[in-house]
Amino acid sequence: MKIKWSFLLLMLVVLTVLTACKEEASEKDPKKAPSETATNGVFDKASKDYLEKVDLDYSFNFAKSLEEFKTNKKLGYRTAGSEAEIKTGNKIYEEMKNIGLTEVTRDEFTLDTWEFENADLSFTDVNGKKYEAVLGGYQINFDSQGEKEYEVVYAGRGTKNDLAELDVKDKLVLIDINQRTEWWVTYPTYQAHLKGAAAVIAVQNGGYSEVSPDALNAQDICGPDDAPVFSMSQTDANVLKEAIKASKTGSYKVNFDAKSVVKFDGKSYNYYGKIIGKDPESYIILSAHYDSYFAGFQDDNAAIALMLGIAKGLVDSGYQPEKTIIFNALAAEEWGVSDTRYDWSTGAYNQIFRIHPEWVGKAVANINFELPAYEHTTSEEIRSIYELKPYLETFAKTVPAVEGVYKDGVSVVSPLRTWSDDFSYSIAGVPALRNDFQDSDFMRTHYHSQFDTEETYNEKAFLFHHNLYGMLAIYYDQTAVVPLDFTVRLNALKDSIKQEVFEQAGVKSDELVVKVDEAIGLANKVNEEVKSVNDSYRKALDEDDTEAAQKLYDESRALNTKLLDVYKVAQDQLLKLTWEDELIFPHQHAQNNIENLSLSIEALKNGEIGTALDEYLWKIDNNWYTYDWEREVYDYFTDYVLDQPADRLMWGAGRVVGHVDLFDPINSLIAKRDQPNANVAEEVKTLEQALESQKQLLDTLVKEEVTSIQTIGGMLNK
């Protein structure tokens, strides 16, 4: 439901918050009194002028207008390199010019493209009536060339055991799946593909699309284009399952008309426009993606509209920035490269690594938007890199509250996650943040389904995001030195050390801790210098002392460059990924494996095979997938992370430290699980060998971390 506010109430909100008076707000006042940390000069005036120009009707209507172009006439979809994505990008390009942005630019890049035209399935139900179902799609190649008859079989969850006794060759395989708690659709799809299936039809059974039994779901496939899969609702699947169950053969004939086309090395475009500042060579980059599944109102139409709404508000308010503010609309966030683990954020990765690598070192921030017209939690969470957390916590106190939304205010959480475009910017060397969205019911209910529509629109949340991030752009713009506090990352590294695991591995943490503490001391000295410069710069701006402000700004260029260099080194050397795409420090890879290998060995020696299997072994690298899939499936999705060229792995290249292959001992233990007094000596021997290798790896990683911290400390000292 859309929630309409009157213009009068909106103005009351603005005037109450931005006056310099510090009287207590009344109970009926939708705003809180200004924080003691708020400035009373240029920032307050610029914020007031901006907030008066925020136009939610403009933003909402533009968000809705992005649904105009569709790949699939029934379901929507605006996919990588598709005609719908290209036309939508051109629309955004023209709108950037219309609202007054300058140097509006179209950047071409190479990607794999996807056009999903249709997937319509029909059959006769158990009552003898024709039943029709519209299916969702994934990024695969499949063309029935019009309506074609297929047999459908039901295969439970689609595991190797589920398929073992089934003849699926040239058939459609109907499966149930929960991608949040079990596995990605990639695995059962490829398993069925190896058995000769024509395609898989996946039915979400919890995890995603829980909003309705009629919901479809779409995700990135992370697999080969020649292993087809489609999405079906629970409602339609139940009717089809009933028909299959009633048949005498265990299969059922349906008519299927589907076309999904992936092409390699196609083209798409990113777009950006600028508000050029007094410094044309220092950038604050705001970004959002414009591709979508289904209608994509929240993800990410509203985010594009928020970004342009902020741009329009700043332009209309007459704000003249110190730095140049770039508004970047990105293609192919949902998917853009076939058959790779890291197939999303393709547009952003190309933009900052391949098209505009010169932005690195000049861009002092990336503020990225996702799903911003929905109240995901009771506090607005800004998810940022470690280094911006203290700065953002100070800024958050200046943001006006909006009655009826985010009752717990603003919180800042770190580190970033890999699910959105800000991660690509951050590892390139641009300090990044976004509005958080992952820890909410929306992810389980509406996310990537046809129910992501304007019915989810919360105008108050949308207003709050316009206020917060427009003000943040101004606040950051009036900061001379990029406010990177390296103590946060360094303390997080120190806190991640599990001393008992280090001791068990015979690896000393003393030198690492000493070097981290030394670097923290140096970082604190840098923090004092940065704060002094930024306080003086803001004071000069408030006093309209342009000469002093410019002098401070010019003198801080070298410090800015050095801080951004340190940040890039930290990203390159201290940031790794788990096999589930979570951010970790390098030593945590081996530390996790040592802990779980040791516990599994102990359990096996105590005769507890089930404990080893159910609690420990599945946590080691990619071995969760040994339990339910054949060796060929397991190897395929392990090797393509370790052995693919870096240009296909993009932002994931080199981020996974390694892999312990436990396929054979795990499957051997599964076979022995119920055997009384089972002999597991051979399995224990294999695990002990793996444990020794991980102890050696931990020692190597810790030594590398010591060197990295020394490098960072040396850079901070200079």
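Ser 708 sits in helix H24, which covers residues 681–717. Helices here are DSSP runs of H or I with at least four residues, strands are runs of E with at least two, and both are numbered from the N terminus. With a relative accessible area of 5%, Ser 708 is buried. Buried stands for under 20% relative accessible area, exposed for over 50%, and partly exposed for values in between, using a 1.4 Å probe and protein chains only.

## About the model

This is a predicted model, in which local features need pLDDT of at least 70 and side-chain atom pairs count only at pLDDT 80 or more, while totals for chains, interfaces and linings use all residues. Residues are numbered from 1 along each chain as its sequence is written, and side-chain values use heavy atoms, with hydrogens and water left out.

## The chain as a whole

The chain holds 24 helices and 17 strands. Its radius of gyration is 27 Å, close to the 27 Å that the globule rule gives for 718 residues, so the chain is as compact as a globular protein of that length. That radius is taken over C-alpha atoms, and the rule is 2.2 Å times the number of residues to the power 0.38. Along its principal axes, the C-alpha trace spans about 85 × 65 × 50 Å.

Of the 718 residues, 61% count as buried. Among contacts between residues at least 6 apart in sequence, 82% join residues at least 24 apart. The accessible surface comes to about 27300 Å², with 47% of it belonging to carbon and sulfur atoms; the areas come from the Shrake-Rupley method with a 1.4 Å probe, and for residues only the protein chains shown count as cover.

The chain also carries 74 positive and 120 negative side chains, and the centres of the two sets lie 1 Å apart. Lys and Arg count as positive and Asp and Glu as negative, while His and the chain ends are not counted. Each charge is placed at NZ of Lys, CZ of Arg, CG of Asp or CD of Glu.

## Helix H19

Helix H19 takes in residues 586–605; at 1.5 Å a residue its 20 residues should span 28 Å, and its end C-alpha atoms are 30 Å apart, which agrees. The expected span is 1.5 Å times one less than the number of residues. Of those 20 residues, 14 are buried, so H19 is largely enclosed by the rest of the structure. After H19 comes Gly 607, with a positive phi near 80 degrees.

Ser 384 belongs to strand S13 (residues 380–384) and is buried, at 0% relative accessible area. Beyond its neighbours within four places in sequence, its contacts include Val 412, Val 413, Ser 414 and Pro 415.

Ser 414 and Pro 415 are joined by a cis peptide bond with omega about 0 degrees. Pro 415 lies in the loop between strand S14 (410–413) and helix H11 (422–428). Another cis bond runs from Asp 299 to Asp 300, with omega near 20 degrees, and Asp 300 is part of helix H8 (residues 297–317).

## Two loop residues with positive phi

Gln 145, which is not a glycine, has a positive phi near 55 degrees. Gln 145 is in the loop between strands S4 (142–143) and S5 (148–154), exposed at 71% relative accessible area.

Asp 544 has a positive phi too, near 60 degrees. Its loop lies between helices H16 (510–542) and H17 (546–555), and at 62% relative accessibility Asp 544 counts as exposed.

Key:
Contact means heavy atoms within 4.5 Å.
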